[in-house]
Amino acid sequence: MKDTFKKIWQWVDERTGLGEMLGPQLTHLVPHDARWWYVFGSATLMAFSLQIVTGILLAFTYVPSGGQAYDSLMYITHVQPWGWYLRALHFYGASAMILMMIIHMVQVFAFGSYKYPREMNWLSGVLLFAFTITLGFTGQLMRWDQNAVWSIMVAAEQAGRVPIIGPWLGRFIVGGDVESASTLTKFYALHVFVLPGIILAFIGLHLQLVLKNGISEPPTPGKKVDPATERAEYHELMEKTGVPFWPDAAWRDAVFGVGLLLAIMFCAWYFGAPAMDNPPDPSLTTANPQPDWYLMWYFAVLALMPPQIESVVMVFGPLLMGLLLFSVPFISNSGERHLKKRPWAVGAIVLGAILVGVLWHAASEENWSPHFTEKPLPVEVVQSTDAHVIHGATLFYDRGCINCHAIQGHGGVKGPDLTFIGSKLDASQIILRIANGGKGMPSFAGILKSDEMGDLLAFLQTRKHAPLPYSNNN
Amino acid sequence: MTAKTNPPESRKPASPELLSRRAFLERVTFILGGIGTLAMSVPLVGYVLAPVFKNDVPKWRPVGKVGDFKVGETVAISFDNAAPLPWDGQTGKTGAWLRRNSETEFIAFALTCTHLGCPVRWMASAELFMCPCHGGVYYKDGSVAAGPPPKPLPRFETRINNGVVEVKTQPVAIQRS
């Protein structure tokens with residue numbers, strides 16, 4: 001049996017030269033000590049391969065039509081055998097791809113592997129990063145639910161801030177005067193043809209560069225990169241201590257890659273397909289468009305930016321981020337590679353992690369948005385038998401105060417907590433605030449009737465610290 | 001094994017005639033390729049960009065009888081876009097908030113917050129529009145009450161035609177910086 005296979009292979013190989021073509025690539029020498037830190041690039045590729053397979057299978061059923069995309073996804077999720085699992089795999093596969101890509105990028109940066117002669121490896125990687133994020137965002141739009149159609153509006157509004165061509169860019173994203181079926185088909189074509197095609201081409205380039213420039217050896221403090229001698233030194237190192245990629249290094253990629261697949265499969269099975277928002281019906285006005293997790297931190301940037309500079313941030317922020325990533329190998333392409341000798345690189349990683357972490361946390365709290373799901377204040381919070389106070393508490397809910405202000409944990413967090421407002425402000429101060437509003441608060445002078453203002457005031461004045469035991473209650 | 005090397009003819013030292021012939025052939029290839037690419041790309045780019053420059057003729061769309069709306073109330077409405085396609089489905093409609101200000105005056109507000117385009121919600125008892133994204137708030141007349149929005153809510157033109165309230169379609173408002 002084994003002999004038969006061998007014979008068939010020899011027959012094919014003699015006529016195609018496949019072995020001759022792939023052999024040297026597979027067995028190219030890699031540093032013997034390039035171990036588990038080096039698996040994240042191939043893991044990204046593994047996740048992308050899964051995306052291609054699951055994406056094609058989803059396209060077997062998905063209907064990219066403005067009127068039917070949502071229903072076809074509902075069918076995939078709830079009716080078609082294994083459909084929910086496929087959607088889940090595609091979602092967690094995308095998440096894994098982005099996660100692995102980010103870890104890969106940080107590792108390459110931390111190891112100084114982007115330095116000579118691997119500048120182009122880095123630059124092609126930065127482009128792959130940008131294409132992959134765009135692929136993820138367009139994928140989110142394929143759900144064609146409320147979240148998707150309104151996310152497109154938000155994207156168009158951001159594009160609209162670009163000087164001069166902004167309005168046209170915005171119109172291009174919307175796809176004309178208004179969103180329509182053509183908006184979906186355009187993003188569908190981008191998501192399934194254009195972006196994967198570009199990414200495949202760039203992966204080809206990226207891998208070719210890996211073969212040409214070799215896998216960088218783990219950094220050693222004090223061992224500097226000198227473009228004049230680097231290639232010769234690397235060549236010598238490989239001749240002395242290098243090991244063939246296949247199978248000496250490839251097995252780790254295989255172990256980690258299979259582990260990643262198992263993790264994706266587990267997440268898909270355990271968490272299921274990502275939730276669908278309401279259908280894209282424009283008369284349903286409860287949409288709250290939000291990006292998927294990997295862009296949530298940027299969502300926080302948009303919310304926290306002072307309005308005066310937000311146009312600048314929206315336009316030049318992403319541009320600056322891209323430029324910064326692009327400039328990395330031009331700022332330093334030689335010298336030390338080990339983090340111990342690169343304090344600025346350590347600072348950049350730590351600062352970046354803190355920045356994104358803090359923004360992510362802020363996005364999960366979302367304390368810049370009113371709460372829409374609050375219920376009227378419960379009796380044990382109101383704690384009064386006074387009709388005016390009770391009416392005031394009702395108004396606190398009815399007039400929308402509770403959307404932004406909390407009392408004893410009930411209510412939004414956009415405005416100040418009013419649990420003890422009666423101890424902090426006197427009657428005239430409270431009235432002034434309510435009537436005039438403020439930076440983030442509407443003026444309620446035209447909304448509240450005068451007796452309502454009185455009752456609301458009466459209620460708020462009861463919001464006091466408990467009297468201290470020795471204060472004699474005066 | 002031999003396929004990788006060029007045939008011996010091309011290895012000969014090139015004569016000046018051959019060199020100028022090669023330069024000519026290179027130029028011809030590039031110019032022809034350039035012409036072909038240009039000729040091909042004009043309609044292709046035009047096809048891709050067409051939606052940017054296509055302006056739908058605005059249409060008046062009925063949204064209900066005058067009597068269906070109470071003075072002082074604001075309700076959600078939706079109406080067909082100016083040029084819906086058969087496969088648009090739900091996407092072929094636009095939503096809006098319609099306020100009956102008086103016996104004869106109707107105001108239709110776009111859903112799109114002027115900050116970043118999220119859909120604003122009408123909080124009837126508070127008489128405010130609130131945006132879920134970044135906390136923009138508008139008064140009942142659409143003017144900015146609080147938060148980041150730079151401008152009042154965009155409006156659609158309205159009219160009463162034979163006892164029916166009609167709203168005029170318009171492109172989505174994309175704010176400039």
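In the predicted model, 49 residues of chain B are in contact with 58 residues of chain A, two residues being in contact if their C-beta atoms, placed from the backbone, lie within 7 Å. The largest share of the side of chain B that touches chain A, three residues, comes from strand 3 of chain B. By residue class, that side comprises 25 nonpolar, 17 polar and seven charged residues; Ala, Val, Leu, Ile, Met, Phe, Trp, Tyr, Cys and Pro count as nonpolar, Asp, Glu, Lys and Arg as charged, and the others, Gly among them, as polar. Residues are numbered from 1 along each chain as its sequence is written, and chains are lettered from A in the order in which they are written. Local features need pLDDT of at least 70 and side-chain atom pairs pLDDT 80 or more, whereas totals for chains, interfaces and linings use all residues.

Helices (H or I, at least four residues) and strands (E, at least two) are DSSP runs, numbered from the N terminus. In chain B, an open antiparallel sheet is formed by four strands in the order 2-3-4-9, where pairing requires at least two DSSP bridges between two strands. Strand 2 (74–80) and strand 9 (155–156) of chain B are the edge strands, each pairing on one side only. Seven antiparallel bridges join strand 2 of chain B to strand 3 (residues 93–100) of chain B; Ile77(B) has Ala96(B) in strand 3 as its bridge partner.

The domain assignment, automatic or from a database, divides chain B into domain 1 (15–53) and domain 2 (59–169).
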